[in-house]
Amino acid sequence: MGKDKKEEAIFLRKKITLLRAFSLLIGSMVGSGIFISPKGVLKNSGSVGFSLVVWFSCGLFSMFGALCYAELGTRITKSGGHYIYILETLGPLPSFLFLWAEFFAIRPANSAVVSLAFGRYMLEPFFTPCAAPVPAVKLVSLLGYYMVLTLNSWSVTWSARLQTALSVVKLLALALIIVPGMMLLAQGHTENFQDAFDRQSLVLDKLPLAFYAGMFAYSGWFQTSFVREELVKPERNIPLAVIVSVISVIVGYMLTNVSYYTVLGTQDVLASPAVAVSFVQRAFKSLISVVPVLVALSCFGTMNGGIFTFSRTLFVASREGQWPPLFSMIHIRRHTPLPAVMLMFPLVTAMVCIGDIYHLLNFFSFSRWLFIGLATLGLIVHRHRHPELHSPFRVPLFVPVSFTIICLFTVAMSFYSDPVSISIGCTMVLSGFPVYYLIIHRQMSDRCRNLFYYFTHKLQLLLEVVQQEIKTY
């Protein structure tokens, strides 16, 4: 190249349009949750009627949270999602505790749940009517997760294109459940809705676990906040994308659950390891080999969306000085945050190998909703501290107040519902305190700092990554 020719700047491009943002949200929300959570919601709510109330309440709750995050996304112009919102509004200690819990508990456990659902549904057609062997499920789960890791290390554009394509697959999978169910309901098959609100089976102290299962299915409404700096026209596209996508998912989930209960009785749902497969076996046997594959692809899209956004959290955290600088670097040719993407590899592998879907779900839900509640509390604090700041999108005050109160109340109640899993999650969060004060708050000695930078430089050469040039445009 000639000397007078400028080198290409190395930075993350603004490649996420409104359509891709909508696809990212739909692809992240519609995944394993709607195909595995109905069992958890029904088990902990006690009846068909109360489970449908929980599903709608979770959708409304998600809409409140999505509106709060849409305003935060227009006020705070950095990527990073929960982390950057907590950092900018509540300070470095809470943000580091979130980062610690997110890396060691929330994200790997969530990714393990989704990948296990992917493996189960991918193998289901080959073993029907028997259950797929657990070792085979775990192996296929890991293979699927590694494929997504590779894609996100290779190209931002291709991972975004895949997300768009799989969003269509997700909607097709839901349609193949909704249409037959609605047809049977129209024909008068309402026997499973008799005594829908049976109060004898309602156990109030289990309701937080029912909400955890339902909110897991809706989780993903916050994903655009992780890629704020890569969005085209974020002030317009963030609110528009979250409102349209959350409303679409609420309608789809309610119709899907009504379809499930039209075909399957309460005991059938509780006994099924894969609700969508049991539904197809009863309602649409000709598609017994198609629907499980579509569901598996839906889970694959959720894994892709999760890796795509979480890598940005580590990227921003290292840029803010709370994570090793290696993870703020991007590949010199691919323009992908390669080190941040690959960091999840060992933890997710371990959790897939030793974990169970429902225990992992309760384990990470405590930490997730604690910090989401703190992020929306931060919105209230930010409004109070900066009344002069103009935001192009603003929600009524009762929305963040009610969302924060419900989040923190549900977190507190869950200690009574599942003390073992929640205590482990709480311990994981609290273990970040000494790490923060020993490594982040205190300054490292010159010897340790030089050794650290030496290894960082070696890994930088090995991975072919460089520091991003911060551009504002």
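Let me start with a definition: a residue is buried under 20% relative accessible area, exposed over 50%, and partly exposed in between. Keep that in mind for Ile243. Its relative accessibility is 28%, so Ile243 counts as partly exposed. One caution before going on: this is a predicted model.

Where does Ile243 sit? It is in helix α9. Leave aside its neighbours within four places in sequence, and Ile243 is in contact with Met63, Leu67 and Phe393. Ile243 and Leu451 are 208 residues apart along the chain, and their C-alpha atoms are separated by 48 Å.

Now to Asn257. Helix α9 covers residues 234-263, and Asn257 has its place there. Is Asn257 buried or exposed? Buried, because its relative accessible area is 0%, and the cut-off for buried is under 20%. What does the side chain of Asn257 make a polar contact with? The side chain of Trp55, at 3.1 Å. Not counting residues up to four places away in sequence, Asn257 touches Ile34, Pro38, Leu52 and Trp55.

Next, Thr256. This residue is also found in helix α9. Thr256 counts as buried, because its relative accessibility is 0%. Again set aside residues up to four places away in sequence. Thr256 then touches Ile34, Leu174, Ile177 and Ile178. Ile34 is a contact of Asn257 too. Leu174, Ile177 and Ile178 belong to α7. That takes us to the helix pair.

Helix α7 runs over residues 156-186. It packs with α9 at an angle of about 55 degrees, and the axes are 8 Å apart. That angle makes α7 oblique to α9. The crossing of α7 past α9 is left-handed. Which residues meet? On the α7 side, they are Leu174, Ile177, Ile178, Gly181, Met182, Leu184 and Leu185. On the α9 side, they are Gly252, Leu255, Thr256, Val258, Ser259, Tyr260, Thr262 and Val263. By type, the residues of this contact of α7 with α9 divide into 10 nonpolar, 5 polar and no charged.

Now a second pair, α16 and α17. Helix α16 spans residues 398-417, and helix α17 spans residues 419-430. They pack at an angle of about 130 degrees, with axes 6 Å apart. Why are they called oblique? The limit for roughly antiparallel is over 145 degrees, and roughly perpendicular runs from 65 to 115, so an angle between those ranges counts as oblique. Therefore α16 and α17 are oblique to each other. From α16, the contact uses Ser414, Phe415, Tyr416 and Ser417. From α17, it uses Pro419, Ile422 and Cys426. Here the residues of the contact divide into 5 nonpolar, 2 polar and no charged.

Pro387 lies in the loop between α15 (357-385) and α16. Its relative accessibility is 66%, so Pro387 counts as exposed. Pro387 and Val30 are 357 residues apart along the chain, with their C-alpha atoms separated by 37 Å.

Conventions: Residues numbered from 1 in each chain as written. Predicted model: local features only at pLDDT ≥ 70, side-chain atom pairs only at ≥ 80, totals over all residues. Heavy atoms only, no water. Helix = DSSP H or I, 4+ residues; strand = E, 2+ residues; numbered from the N terminus. Buried < 20%, exposed > 50% of the residue type's maximum accessible area, 1.4 Å probe, protein only. Polar contact = N/O pair within 3.5 Å; in protein donor to acceptor, adjacent residues only side chain to side chain. Contact = heavy atoms within 4.5 Å. Axes fitted to C-alpha atoms, helices over the stretch in contact; angles between N-to-C directions. Parallel < 35°, antiparallel > 145°, perpendicular 65-115°, else oblique. Left-handed = near helix turned anticlockwise from the far one by under 90°. Nonpolar A, V, L, I, M, F, W, Y, C, P; charged D, E, K, R; others polar.
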